[in-house]
Amino acid sequence: MPKAVCFPHADDQFETPFELMEWLDCDLRNLHGGYYRYREARGLGRLEPGSLVFFYKNKLIVGSAVVEKASRPLEDSEIQRCAEIYREENCAGMKNIVKFFTNSIWVWDEHDLVNESEFKEITGKNLDYYASVNPDEVMKLYGLVAKKREEMEKRALGTHNDLS
């Protein structure tokens, strides 16, 4: 059964939310074709096709994607191949793989990011580990992103009109 979860990212993977955003938008979408390797994820369970993942770093949700192919453990040969293609440190500790629809990878603008207090207000949970998100909460999170985007566009138009 599909589910919605939040994926954390450690400092040895990405130093800042911006680095994660760039990697998702460019590397995951184009270089990796939606294939995402991840470490041991206690309590996460299997991600079925149609599952939704929110990506976060430093308590900021930066975007989301939809699972195309279910998660599964990496085979030893895949771990070896990863180390050959990419730097060893990029593959160290990776245990699982999941494939996202590349056209579903949505990286939000910096003014659209959802912080932990906003996430907690919607879900009642902290952004810790692999937090699950209920369907109605998913809609509220996307609604918050849309509201932030609309407010930013209004401000930009207001600034543009002031210059005219």
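**Close-up views of a predicted model**

**View 1. The end of helix H4.**

View 2. Phe119, Ile122 and Thr123 are the buried residues shown in H4. Viewed down the helix axis, the buried residues of H4 fall within an arc of 80°, so they line one face. Ser117 and Glu121 are exposed and sit on the face turned away from that buried side.

**View 3. The largest nonpolar core.** This core holds 41 residues. Phe7 and Phe55 touch the most other members. Strands S1 (4-8) and S2 (35-38) each supply at least two residues, as do helices H1 (17-31) and H5 (135-163). H4 is also among the elements that supply at least two. In general, nonpolar side chains in soluble globular proteins tend to be buried together.

**View 4. The surroundings of Phe55.** Leaving aside residues up to four places away in sequence, Phe55 touches Phe7, among others. Its contacts also include Leu20, Leu24, Tyr36 and Phe100. Also among them are His9, Leu60, Ile61 and Val62.

**View 5. Asn58 in a loop between strands.** Asn58 lies between strand S3 (52-57) and strand S4 (60-73). Its phi is positive, about 55°, although Asn58 is not a glycine. Most residues other than glycine have a negative phi. Asn58 counts as partly exposed because its relative accessibility is 44%.

View 6. Phi of Tyr129 is positive, near 55°. With a relative accessible area of 67%, Tyr129 is exposed.

Notes:
Residues numbered from 1 in each chain as written. Predicted model: local features only at pLDDT ≥ 70, side-chain atom pairs only at ≥ 80, totals over all residues. Heavy atoms only, no water. Helix = DSSP H or I, 4+ residues; strand = E, 2+ residues; numbered from the N terminus. Buried < 20%, exposed > 50% of the residue type's maximum accessible area, 1.4 Å probe, protein only. Core = buried A, V, L, I, M, F, W, Y, C linked by side-chain atoms within 4.5 Å. Contact = heavy atoms within 4.5 Å. Arc of directions from axis to C-beta.
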